Amino acid sequence: MPKVIKIKKGLDIPLSGAASGEIKTATAQGLFGIVPDDFPGLKWKTAVKSGDEVHAGDPLLYAKDDESIKLVSPADGTVEEVRRGERRKIEFVSVKGTAGTKNVKVSSASRDEILSALKSTGLFAMLRQRPFDMVPFMPGFPRDIFVTAMDTAPLAPSMLDAISPEDLENGLAVLAKLTDGKVYLSVAAGSGVNSKVAEVYEFQGPHPAGNVGVQISHIKPINKGEVVWTLDAETAARIGRLFAKGVLDFSTVVAVTGPEVKDPCLVKTVVGSTIASLIKDELKDNDVHKRIISGNVLTGVKVDADGFLRYPYRQITVIDEGDNADEFMGWASLSPRKFSVSRTYPSFLSRHFNFDARIRGGHRAMIMNNEYERVFPFDIYPEYLIKAIEAKDIDKMEKLGIYEVAPEDFALPEFVDTSKIELQKLVREGLDYLREETI
């Protein structure tokens, strides 16, 4: 029987616009893009140029420090553009064509063969390493591997409904060969998932119960000098399909959600699809300035309609930009349409809210009032950790638990923070600084 862990600290944001109904199928042709920034920790170089013909699974980019690590094309077609920004930084590589799969001969007889296959097919870049929350880069193999099959972010779709249990189990079996420790699978309470390979834990409670960092801290925390790998169940299922069936497939099911979507729905598509192909005819026809987010409202990335579905997100959220709001009495109004974590307004009786993108506050010094702890289910002091990061005090950062966290773990504290500090950005900078100074 799976072990059950209850998370008490956290917050479920009551955003309206959850997806439901049958899964639609998006257009399987057009533009597809890969964004190197979605795969942190490595510097990327192009393996193609504009006009080159590519097939699904062909390399588009490779890591400068380890050329065996590739980012591959999700489609058959022609390289449309290699977009560069300041200082020649690669912003994205786009392919114009038709989504496809690739038949690959792989072997799982040894760790080296598994690792080589994952790196060449682009699946290795979909893994993350703790500490530092980056594509695995430290030599050797991880202490343990953590797979999460749940997502508790606002309006997030069910992960298990979009994958094959057989592929997931096969993927867990492959991952078990990459560690001398255990493979842990985290699922939502009551999901009824079992595994012969992984140790299954059920989590219940508010967001961020679905964050892999929270799951690690409650199952087997990381100590200094230890390394674990993390991934979601969808990536594990892709690995299982690759090694059991010899098929490399980047298809995914995306939820188109948010208060500015006419009929929130689930769409079958491919990683890297254009946002336009996913939201076509789905947005409300009104005068509201809309913000399109690849991902959820807490950790997602703001994109334009001609942008791409960013990895690892399986969700598009569309909300009001809020730049033309005109409210009587502003924050002093007791409107039932206002949401308050502290129940300052009578709105806590409501179930759903049409949030917009306004910050609703001004930047100021950090207020030490235990705001973060109420929604932060780690056994560390988040406010003191943030101060240590700002001071670049490595010794204090280590003692206060920076090896256990990732930027996404501070998304809720950032949401409830009255000081409106960009906590996720600070944590990312702190992790990067720590890596530069200690590795």
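Predicted model: local features only at pLDDT ≥ 70, side-chain atom pairs only at ≥ 80, totals over all residues.

**Note on salt bridges and a helix contact**

1. Asp180 and Arg111 form a salt bridge through their side chains, with an N to O distance of 2.5 Å. This pair joins distant parts of the chain, 69 residues apart: Arg111 belongs to helix α1 (residues 111-120), whereas Asp180 sits in the loop between α2 (165-176) and β13 (183-188).

2. Asp180 counts as exposed because its relative accessibility is 72%, and exposed requires over 50%. Arg111, with a relative accessible area of 25%, is partly exposed.

3. A further salt bridge is made by the side chains of Arg130 and Asp409, at 3.7 Å from N to O. Arg130 is in strand β11 (residues 128-130) and Asp409 is in the loop between α7 (394-399) and α8 (411-416), so the bridge ties together parts that lie 279 residues apart in sequence. Are Arg130 and Asp409 buried or exposed? Both residues are buried.

4. Arg130 and Asp409 also belong to a network of salt bridges, in which they are linked with Asp133, Glu408, Arg428 and Asp432. For the model as a whole, the count of salt bridges comes to 27.

5. The side chains of Asp167 and Arg241 meet in another salt bridge, with 3.0 Å between N and O. Asp167 lies in helix α2 and Arg241 in helix α4 (residues 233-245), so this pair ties together parts 74 residues apart in sequence. Asp167 counts as buried because its relative accessibility is 3%, and buried means under 20%. Arg241 likewise counts as buried, at 15% relative accessibility.

6. The axes of α2 and α4 come within 6 Å and cross at roughly 85°. Since angles of 65 to 115 degrees count as roughly perpendicular, α2 and α4 are therefore roughly perpendicular to each other. On the α2 side, the contact is made by Glu166, Asp167, Leu168, Asn170, Gly171, Val174 and Leu175. The residues of α4 in the contact include Ala233, Ile239, Arg241, Phe243 and Lys245. Which classes of residue make up the contact of α2 with α4? The contact has 9 nonpolar, 3 polar and 4 charged residues.

Terms used:
Residues numbered from 1 in each chain as written. Heavy atoms only, no water. Salt bridge = Lys/Arg side-chain N within 4 Å of Asp/Glu carboxyl O. Helix = DSSP H or I, 4+ residues; strand = E, 2+ residues; numbered from the N terminus. Buried < 20%, exposed > 50% of the residue type's maximum accessible area, 1.4 Å probe, protein only. Axes fitted to C-alpha atoms, helices over the stretch in contact; angles between N-to-C directions. Parallel < 35°, antiparallel > 145°, perpendicular 65-115°, else oblique. Contact = heavy atoms within 4.5 Å. Nonpolar A, V, L, I, M, F, W, Y, C, P; charged D, E, K, R; others polar.
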